[in-house]
Amino acid sequence: MIDYKLYISIDTNIRFGKPVINGTRLSVYDVLSWFANGMITEEILGDFPELTENQIKACFAYAADKEHK
């Protein structure tokens, strides 16, 4: 599994302390909800060219880790 800590951070000054992708204001929730609504990786990367596939995978790794705990 990808080490999400390299890509995801929590800062109380950004998005009210929600986990976000480093260097963006995009939250893990945003990415997961796009998938839940039927978007695919290529569509997300097309809409947000500043993102990488590893950052998207990190969102899933973060969610999996939180679910496991």
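**Helix H3 and its surroundings**

Helix H3, residues 53-68, has 16 residues and spans 23 Å from first to last C-alpha, close to the 22 Å expected at 1.5 Å a residue. That expected span is 1.5 Å times one less than the number of residues. Helices (H or I, at least four residues) and strands (E, at least two) are DSSP runs, numbered from the N terminus. The model is predicted: local features need pLDDT of at least 70, side-chain atom pairs count only at pLDDT 80 or more, and totals for chains, interfaces and linings use all residues. Residues are numbered from 1 along each chain as its sequence is written, and side-chain values use heavy atoms, leaving out hydrogens and water.

**Burial and core**

- Gln-55, Ile-56, Ala-58, Cys-59, Ala-61, Tyr-62 and Asp-65 of H3 are buried (under 20% relative accessible area; exposed is over 50%, partly exposed in between; 1.4 Å probe, protein chains only).
- These buried H3 residues pack against strands S1 (8-9) and S2 (20-21), and against helices H1 (28-36) and H2 (41-47). Contact means heavy atoms within 4.5 Å.
- The largest nonpolar core has 14 residues; Tyr-4, Ile-8, Ile-21, Val-31 and Cys-59 touch the most other members. Such a core is a set of buried Ala, Val, Leu, Ile, Met, Phe, Trp, Tyr and Cys residues joined through side-chain atoms within 4.5 Å.
- H1 and H3 are the elements that give two or more residues to this core. H3 gives the most, with five residues.
- Tyr-4 touches Ala-58, Ala-61, Tyr-62, Asp-65 and Lys-66, leaving aside residues up to four places away in sequence.

**H1 against H3**

- The axes of H1 and H3 come within 9 Å and cross at roughly 100 degrees. Axes are lines fitted to C-alpha atoms, for helices over the stretch in contact, with angles from 0 to 180 degrees between N-to-C directions.
- H1 and H3 are therefore roughly perpendicular (65 to 115 degrees; under 35 is roughly parallel, over 145 roughly antiparallel, the rest oblique).
- From H1, Val-28, Val-31, Leu-32 and Phe-35 meet Ile-56, Cys-59, Phe-60, Tyr-62 and Ala-63 of H3.
- The residues of this contact divide into nine nonpolar, no polar and no charged. Ala, Val, Leu, Ile, Met, Phe, Trp, Tyr, Cys and Pro count as nonpolar, Asp, Glu, Lys and Arg as charged, and the others, Gly among them, as polar.

**Loop between S1 and S2**

- Arg-15 lies in this loop. Its phi is near 50 degrees, a positive value in a residue other than glycine.
- Phe-16 is found in the loop too, with a positive phi near 60 degrees.
- Arg-15 is partly exposed at 24% relative accessible area, whereas Phe-16 is exposed at 82%.
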